[in-house]
Amino acid sequence: MQGKEPFFRRVPSPANIKIITSMDKLVIIGGGPAGLAAAVAACDAGVAANDILVLERDDSLGGILNQCIHAGFGLHLFGEELSGPEYAGRFIRQLRERGIPYVTDAMVLSLTPDRIVSYVSPKDGFVRLQASAVVLATGCRERTRGQIGIPGTRPAGVFTAGSAQRFVNIENRMPGSRVVILGSGDIGLIMARRLTLEGAKVECVAEVMNYCGGLARNVAQCLNDFDIPLYLSHTVTDIVGKKRVEGVKIAEVDENRNPIKSTEYYVPCDTLLLSVGLIPENEIAKSAGITLDRVTSGAVVDQNNQTSVPGVFACGNALQVHDLVDNVTLEAQNAGKSAAAYVSGSPAPSVCYKTAPADNVRYVVPQKIAAGGSGDIKLSFRVTGTVRGCETVVKCGGTELKRIKKRVVTPGEMESVTIKASDVKGDVTVAVEKK
Amino acid sequence: MTYDVIIIGAGITGAMTAYKLARCKLRTLVLEKGSDIASGATRANSAIVHAGYDAVPGTLKGKLGVDGSRQVGEIARRLNVPYKNCGSFVCAFDEKDEEHIKMLYDRGVANGVPDMRIIRGEKLFEMEPNLSRACTAALYAPSAGIVCPWTLATAVSEVASLNGADFVFNFAVSGVSENADGSLTVTDGKTGYSARYVVNAAGVGADKIVEGDIWPEGEDKPVRINPRRGEYVLLDSEMGGIARHTLFVCPSEKGKGILVSPTAHGNIIVGPNANEVSDPDDTSVTPEGIAEISAGARKIMPDINLRTAITQFAGVRPTPVCRSKDYCIVRSKKFPSRLLHAAGIESPGLASSPAVADYVVGILGEMGLELIPDPDFRDERPPVRRFKEMSDEEKRLAIASDPAWGRIICRCETITEGEIIDAIRRPLGARDLDGVKRRVRAGMGRCQGGFCSPRVTAILARELGADMYDITKKGPGSEILMRPSK
């Protein structure tokens, strides 16, 4: 062979170990909305369908959308209100139309810095293969009781909102009848409505912060429409019940988020749902030695979604926790396109500028901008607190690249601003300035 | 039918006693209040195999600790129980502490603890790089270890079960009565089981089996068991490397002190505090307790990141209220020739347990139990295969022989459906979510069951031929699901 490096390279197995390496692919880890969009975009950018492989650890494609049976997906991308399974279905259809192979029940065990992927599935057994490029689309997981350290006993009846959602929407079984929800993340808000429609009594949603963690539209449609109170600056201070939850104690918190004892009161209930935040799943990224952002808990990427390990891309909730699946799709399409360019031999960027959060901004993704790029760069960010009457300001060195008026920004809603790649001549900062 | 021996309690003391008795031609029954083995103090403790220098020489604790500690290592290796001989440090921070560790050293020598030495200066930090620089010296006991306590109790129970011992769960003993032939009947108020000899290993409930009946020599009143709660914080395995040894501090006026230790599964455990509670089942954690533990941990290891906590829990220890502060392994006042109490087995009860069981069996022999070795006894349990620990080739073969081994159910701990099915089908297999969690660690990782608990619930229902509504977290009353959705 001459010239170009072979698209796929078989990995020599250690002596005495026979590992199946027959499937040599551009490997997309995760078959949820991010993985599906990345796969389709990579294919449309010129990678042969058969040279792509989507690995999904659940028994079907679609990811968490499969249990999100409520409407509201696709408003931005399709101008329609789709349910989660409908939204996923559109991309699954696109995947199938292109003949892109996928394996379900496939769990990736490790990824090396030189992109050797090991996965297991009941069908394929243990597989190790050399990928030309990898897209990490592994989604996120829910924060748990242990991570926020809720005191009290450890009975049945404490669920993360997502596992309760799975029980109700996939298994058709109710996890409780009298419910308190801690945390105002979107899944918690959605579940408040869902459980109410299923005949449960949702007593309240308590949120330790002084702002709502979820989208304003979900507060209106899931709580206000059902007279479910949202208590900001409140938290659960105790869980009572030995075998099953019998009740929880709720208290107001001070400005340091410490409970004010005198405000504590008891709410009888049999179920506590937790919607206290999402954490990008990056165990595989860690195994490959990919640099992670301490704030987002996702990979550090450039505008092409490329991580610190060349040829490995990250997108979707594994990169940063999104509010809207439409944005996941857009981000994943960019990652898929970039992965396609990488395998076709586009040179790696030599110089990278940094992006950094400035006033009122908590993080910016991408964290790096490869010099010499063209087209638009979308900078996503979240603010540290609610700001009314403000402007988003992007600066590069002393130069102001962009200034956009905003009526209000809140930490619960991801913001974005688009700049031109050709304008970036140095490190970039994003600030939200109060007017 | 009359059993030869009934053991009340399937904690580590009861389970080990059943394991030791299984070597003899005896019919043994274990009665357990909880829904599984190791439901009480054995469920939640520091998981330390103490070397044996703490106990006052001459006491039962002193006599049984060193032998028990050695035996735990042997049993763990034989029965494939997670165990690590990591060694322990008792850290001194001032002169008073240094006197204390010298005293412990002398006790250890008297108790027969092997290879102890006092470490000072730079050597300390070579051995334990993240140890507080305020530490001046430490008593190093290389024989100390860490073990998975519930796997140890489960493993020896499996062996006992395979050799003929019976186990009944969800049986809360309410009383013991004497039959005409001298045998005893142990009842929960509804059913009863009879045996020629009864061992009370009921942990925090031991003093309630026969009221006022635990009365060792030299005590002026019967021993009560005080439930003493200890709270813990468990850190993610990403913190795993921060401590190499089990690190104790010296006790002070404020209490026994908080330890930092690796666990047999690669996490870090921090705790416990000690608070007397009125309810022996009070395993709640408190904000004050967690704050106390966190402060204690930072004293030993200032750089420890407690934000990597994956869970907090509490265990209740059976502290005997007595002059000797020793284990109360004594014959009953009321049924002296039939009932033996093995009560007040608090720390180092886990490390002592095999020796405690030997001691209990010896006394049963003195009481008249015929200890005839059973030539058919087999000291083994069905092999435990852990997917995560397999080589790539073993993984390939495991999946080829059964595709369920290729389906990962618990993502965080990489636990396959094959392992979960095995945990359910084993002798004394898992019957609830916590049972699966303790046997194979599904749900024990950083997502704490967020992803896998619906799947494990479904597998349990399928394997047990039950409906998902019947599946519990930890026995009757802790059902996970309530009713169909509309």
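Two strands pair if DSSP finds at least two bridges between them. With that in mind, this briefing turns to a predicted model in which chain A contributes 43 residues and chain B 44 residues to the contact between them.

**The open sheet of chain A**

- In chain A, 5 strands form an open sheet with parallel pairing, and their order is 11-19-13-14-15.
- Strand 11 (158-160) and strand 15 (230-232) of chain A are the edge strands, each of which pairs on one side only.
- On average, and with direction ignored, neighbouring strands of this sheet are turned by 20 degrees against each other.
- Strand 14 of chain A, residues 201-207, pairs with strand 15 of chain A over 3 bridges in the parallel sense.
- Opposite Tyr231(A) in strand 15 of chain A stands Ala206(A).
- Helix 5 of chain A, residues 186-197, lies across strand 13 (178-182), strand 14 and strand 19 (271-274) of chain A. This helix runs at about 170 degrees to strand 14 of chain A.

**The contact between chain A and chain B**

- On the side of chain A that touches chain B, the elements giving two or more residues include strand 6 (107-111), strand 7 (116-121), strand 8 (125-130) and helix 4 (161-169) of chain A.
- Helix 4 of chain A gives the most to this side, with 5 residues.
- The residues of the side of chain A that touches chain B comprise 14 nonpolar, 16 polar and 13 charged.
- Strand 12 of chain A and strand 23 of chain B (residues 483-484) run antiparallel and are joined by 2 bridges.
- Arg173(A) stands opposite Pro484(B), which belongs to strand 23 of chain B.

**The domains of chain B**

- The domain assignment divides chain B into domain 1 (2-367) and domain 2 (387-470).
- A distance of 28 Å separates the C-alpha centres of domain 1 and domain 2 of chain B.
- Their contact takes 14 residues from domain 1 of chain B and 12 residues from domain 2 of chain B.
- On the side of domain 1 of chain B that touches domain 2 of chain B, helix 5 (149-162) and strand 18 (309-321) of chain B each supply at least two residues.
- Helix 5 of chain B gives the most to that side of domain 1, with 6 residues.
- The residues on that side of domain 1 of chain B divide into 5 nonpolar, 6 polar and 3 charged.

**Helix packing in chain B**

- Helix 1 (residues 12-21) and helix 7 (residues 349-367) of chain B have axes that come within 8 Å and cross at roughly 45 degrees.
- These two helices of chain B, helix 1 and helix 7, are therefore oblique to each other.
- The crossing of helix 1 of chain B past helix 7 of chain B is right-handed.
- Residues making this contact include Met16(B) and Leu21(B) of helix 1 of chain B and Leu350(B) and Val361(B) of helix 7 of chain B.
- The contact of helix 1 of chain B with helix 7 of chain B consists of 10 nonpolar, 4 polar and 2 charged residues.
- Helix 2 of chain B (residues 60-78) packs against helix 7 of chain B at an angle of about 110 degrees, and their axes are 5 Å apart.
- That angle makes helix 2 of chain B roughly perpendicular to helix 7 of chain B.
- Among the residues that meet here are Leu64(B), Val72(B) and Ile75(B) in helix 2 of chain B and Ala351(B) and Tyr359(B) in helix 7 of chain B.
- The residues of the contact of helix 2 of chain B with helix 7 of chain B divide into 8 nonpolar, 6 polar and 2 charged.

Notes. Residues are numbered from 1 along each chain as its sequence is written. Chains are lettered from A and ligands numbered from 1 in the order in which they are written. This is a predicted model: local features need pLDDT of at least 70, side-chain atom pairs count only at pLDDT 80 or more; totals for chains, interfaces and linings use all residues. Helices (H or I, at least four residues) and strands (E, at least two) are DSSP runs, numbered from the N terminus. Axes are lines fitted to C-alpha atoms, for helices over the stretch in contact, and angles run from 0 to 180 degrees between N-to-C directions. Two residues are in contact if their C-beta atoms, placed from the backbone, lie within 7 Å. Angles under 35 degrees count as roughly parallel, over 145 as roughly antiparallel, 65 to 115 as roughly perpendicular and the rest as oblique. A crossing is left-handed if the near helix is turned anticlockwise from the far one by less than a right angle, and right-handed if clockwise. Ala, Val, Leu, Ile, Met, Phe, Trp, Tyr, Cys and Pro count as nonpolar, Asp, Glu, Lys and Arg as charged, and the others, Gly among them, as polar. Domain bounds come from an automatic or database domain assignment.
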